[in-house]
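Please work through the exercises below with the sequence and the structure beside you, and try each task before you read its solution.

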Amino acid sequence: MSERALAERFNEVVLPHLGDALALARWLTGNAADAEDVVQDACIKAHAGIAGYAGGNPRAWLLTIVRNTAYTWMSRNRPRAMLAVGDLGDLDEMAAAHGTSVPDEDGPEASLIAKADTAALEAAIAALPQPFRETLVLRDINGLSYRDIGTMLSVPIGTVMSRLARARGLIASELGRAP
């Protein structure tokens, strides 16, 4: 393929999913600055491998690259015992970037309660063990299919379903709701 054709393919396959890539990297790394570094590295890898992209779900393809890049990046840049969960200020930035800010139509009290609920949910997700958190984020936040998640994580679909159910149950318990 010519350089121009590769650039066009990259623009069609990768660029529409950069927001999802950044969101996944943020969930995996725990903060926005590290997520940006990971996505930049992942884009370089995606660009290098775009000629080998065989079709299928481009979003799942890119998110697989982001996931693998995030774990490689964290193994090089963080001690194993360290788990970063980011700060709550990152939530507002991410919400604004994705156009999902909390509406103020019910007044400041409702907005404050909604932000507190969002922060509690963020903390509950961040506290999940890595396999559960990863599966939950890929399914419930990024909307990937069980099949795509199974392929991405190299696990059977039943394992994906089990991890997702356990993650949801742990979050419900953490938030004080019956599972």
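This is a predicted model: local features need pLDDT of at least 70, side-chain atom pairs count only at pLDDT 80 or more; totals for chains, interfaces and linings use all residues.

**Exercise 1. The overall make-up**

Task: Find how many helices and how many strands there are in the protein, and state what share of its residues is buried.

Solution: Begin by counting the elements, which gives nine helices and zero strands, so that, read from the N terminus on, the order is α-α-α-α-α-α-α-α-α. Next, turn to burial: of the 179 residues in the protein, 40% are buried. Finally, consider the contacts between residues at least 6 apart in sequence, of which 69% join residues at least 24 apart.

**Exercise 2. The sides of helix H1**

Task: Decide which residues of helix H1 (residues 3–13) are buried, and work out where they lie around the axis.

Solution: Recall first that a residue counts as buried when its relative accessible area is under 20%, and as exposed when that area is over 50%. In H1, the buried residues are Leu 6, Arg 9, Phe 10 and Val 13. Because these residues cover an arc of only 100° around the axis, they are on the same side of H1. On the other side of H1 you find Arg 4 and Glu 12, which are exposed.

**Exercise 3. The packing of H3 and H4**

Task: Describe how helix H3 (residues 32–49) and helix H4 (residues 58–77) cross, and name the residues through which they meet.

Solution: Two packed helices are described by the angle between their axes and the distance between the axes. For H3 and H4, the axes come within 8 Å and cross at roughly 125°. An angle over 145 degrees would count as roughly antiparallel, and one from 65 to 115 as roughly perpendicular; H3 and H4 are therefore oblique to each other. Their crossing is right-handed. On the H3 side, the residues in contact are Asp 34, Asp 37, Val 38, Asp 41, Ala 42, Lys 45, Ala 46 and Gly 49, and they meet Trp 61, Leu 62, Ile 65, Val 66, Thr 69, Ala 70 and Trp 73 in H4. Sorted by class, this contact of H3 with H4 has nine nonpolar, two polar and four charged residues.

**Exercise 4. Helix H8 and its partner H7**

Task: Identify the buried residues of helix H8 (residues 146–153), and then describe how H7 and H8 pack.

Solution: Start with H8, where Asp 148, Ile 149, Gly 150, Met 152 and Leu 153 are buried. These buried residues pack against H4, helix H7 (130–141) and helix H9 (157–174). Now take the pair H7 and H8, whose axes are 10 Å apart and whose packing angle is about 140°, which makes H7 oblique to H8. The crossing of H7 and H8 is right-handed. In this contact, Glu 134, Thr 135, Leu 138 and Arg 139 in H7 meet Tyr 146, Ile 149, Met 152 and Leu 153 in H8.

**Exercise 5. Glu 134**

Task: Is Glu 134 buried or exposed, and which residues does Glu 134 touch?

Solution: Locate Glu 134 first, in helix H7. Its relative accessible area is 3%, and Glu 134 is therefore buried. If residues up to four places away in sequence are not counted, Glu 134 touches Leu 28, Arg 67, Tyr 71 and Leu 153.

Notes: Residues are numbered from 1 along each chain as its sequence is written. Side-chain values use heavy atoms; hydrogens and water are left out. Axes are lines fitted to C-alpha atoms, for helices over the stretch in contact, and angles run from 0 to 180 degrees between N-to-C directions. Helices (H or I, at least four residues) and strands (E, at least two) are DSSP runs, numbered from the N terminus. Angles under 35 degrees count as roughly parallel, over 145 as roughly antiparallel, 65 to 115 as roughly perpendicular and the rest as oblique. A crossing is left-handed if the near helix is turned anticlockwise from the far one by less than a right angle, and right-handed if clockwise. Contact means heavy atoms within 4.5 Å. Ala, Val, Leu, Ile, Met, Phe, Trp, Tyr, Cys and Pro count as nonpolar, Asp, Glu, Lys and Arg as charged, and the others, Gly among them, as polar. Buried means under 20% relative accessible area, exposed over 50%, partly exposed in between (1.4 Å probe, protein chains only). The arc is that of the directions from the helix axis to the C-beta atoms.
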